[in-house]
Amino acid sequence: MALTRRGLLAGSGALLLADLPALAVGLYPNHAIKLIVPYPAGGTTDLLGRLVADQLKDGLGASVIVENKPGVGTTLGAELVARSDPDGYTLLMATSTTLAVNKTLYKELPYDPVKDFAPIALIVGVPFVLIVNPAIPVKSLTEFIAYARSKPGLAYASAGNGSPQHLGAEMLKAASGIDIRHVPYRGSLPALLDVVAGHIPFMMVDLRPALQQIREGKVRALGVTTAKRIAAVPDLPTLAESGLPGFDLLAWQGVVGPAGTPRSIVDQLAGEIGRLTADPAARARLTSFGLEPFPASTPDGFAAYIKAEVDRWAVIVQKSGVRIR
């Protein structure tokens with residue numbers, strides 16, 4: 001039987017204060033949920049966060065407010081959620097940067113990616129693409145590598161120090177032996193716009209914000225970073241098949257809450273998010289954005305995935321030589 005405010009107030013007096021948290025769980029959700037996006041508005045994570053918010057709003061019948069809290073490589077937003085009450089009302093759009101890369105990238109983190117969060121649902125993989133300004137006289141990865149070797153110190157843009165875009169370019173540098181120079185920006189979009197404008201020759205960029213620019217010919221795509229081709233651009237080869245065997249860079253995004261969030265709430269949220277990734281229309285929409293929907297995950301499966309990804313990204317970060325104190 002559903003609990004009501006009148007029912008709670010009409011108790012016989014035997015109700016103990018210690019029982020109230022359990023009753024609160026039964027009432028979930030009874031006020032607005034905050035979904036923290038640790039990136040600026042307009043990017044891939046923000047877009048996905050708003051799709052998740054709409055799904056939770058429809059499925060749970062509660063308001064879901066998206067709050068953008070960018071800064072310090074996603075650590076500001078992540079710490080806010082890690083220190084929040086574990087009641088299901090403050091959630092985080094978590095990325096591989098937040099929960100895997102930062103563990104090795106930073107000497108000290110204000111949160112523990114494994115211990116301080118309750119994994120809820122893994123949602124999508126985020127592929128990247130190597131793009132150049134069309135004025136650069138190259139049309140393939142092989143031509144690009146030859147061009148870069150002829151111009152030592154060729155500049156490239158990224159979404160910021162330690163971002164997957166930065167690490168991806170450093171992986172390219174190590175795999176191809178080119179000498180390139182990093183120019184960090186505050187997010188993918190401003191970096192992409194400077195490549196379009198010709199201020200920066202090239203970058204590794206998440207596919208979603210670059211799709212329209214690629215289709216309009218404002219940038220030239222040379223290859224995707226994933227092990228297999230991407231459904232949104234099936235004719236675009238992978239870097240691995242274009243001359244860099246074994247090259248594989250895929251970021252990911254999901255939802256977590258603070259550690260200690262009741263399992264009943266975690267399962268409820270996971271079920272709603274799972275409906276998003278199971279819906280054929282929603283999956284087609286995510287694919288059209290250049291994202292790769294994962295099969296519906298369980299909280300335990302997501303937890304195991306995070307632990308494995310911490311180890312995988314540690315190798316990538318260590319090989320890149322990138323470190324933030």
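Contact, in this presentation, means heavy atoms within 4.5 Å. Good morning, colleagues. The structure before you is a predicted model, in which local features need pLDDT of at least 70 and side-chain atom pairs count only at pLDDT 80 or more, while totals for chains, interfaces and linings use all residues. Residues are numbered from 1 along each chain as its sequence is written, and side-chain values use heavy atoms, with hydrogens and water left out.

I begin with a pair of helices. Helices here are DSSP runs of H or I with at least four residues, strands are runs of E with at least two, and both are numbered from the N terminus. Helix α7, residues 164–176, packs against helix α12, residues 299–320, at an angle of about 65°, and their axes are 9 Å apart. Those axes are lines fitted to C-alpha atoms, for helices over the stretch in contact, and the angles run from 0 to 180 degrees between N-to-C directions. Which residues in α7 and α12 meet? From α7 come Pro164, Leu167, Glu170 and Met171, and from α12 come Trp313, Ile316, Val317 and Ser320. By type, the residues of this contact are six nonpolar, one polar and one charged. For that division, Ala, Val, Leu, Ile, Met, Phe, Trp, Tyr, Cys and Pro count as nonpolar, Asp, Glu, Lys and Arg as charged, and the others, Gly among them, as polar.

I turn to the interior. Buried means under 20% relative accessible area, exposed over 50%, and partly exposed in between, with a 1.4 Å probe and protein chains only. A nonpolar core is a set of buried Ala, Val, Leu, Ile, Met, Phe, Trp, Tyr and Cys residues joined through side-chain atoms within 4.5 Å. The largest such core has 82 residues, and Val52, Phe144 and Leu172 have the most contacts inside it. Strand β4, residues 117–132, supplies the largest share of this core, eleven residues. Setting aside neighbours within four places in sequence, Phe144 is in contact with Leu130, Val132, Val138, Leu154, Leu172, Ile178, Phe202 and Leu222. Another core, of 23 residues, lies apart from the largest one and includes Tyr185, Ala191, Ala221 and Val224.

Next, helix α3. This helix has 17 residues and reaches 24 Å from its first C-alpha to its last, close to the 24 Å expected at 1.5 Å a residue. The expected span is 1.5 Å times one less than the number of residues. Among the buried residues of α3 are Thr44, Leu48, Val52 and Leu56. Asp46 lies in α3, residues 44–60, and is buried, with a relative accessible area of 5%. Not counting residues up to four places away in sequence, Asp46 touches Val37, Pro40, Ala41, Val66 and Asn68. Gly61, whose phi is positive, near 70°, follows α3.

Finally, the backbone. Most residues other than glycine have a negative phi, and most peptide bonds are trans. Tyr28 and Pro29 are joined by a cis peptide bond, with omega about -10°, and Pro29 is found in the loop between α2 (20–26) and β1 (33–37). Val72 has a positive phi, near 50°, and is placed in the loop between β2 (64–68) and α4 (75–82). Thr74, also in the loop between β2 and α4, has a positive phi of about 80°. Are these two residues buried or partly exposed? Val72 is partly exposed, at 49% relative accessibility, whereas Thr74 is buried, at 3%.
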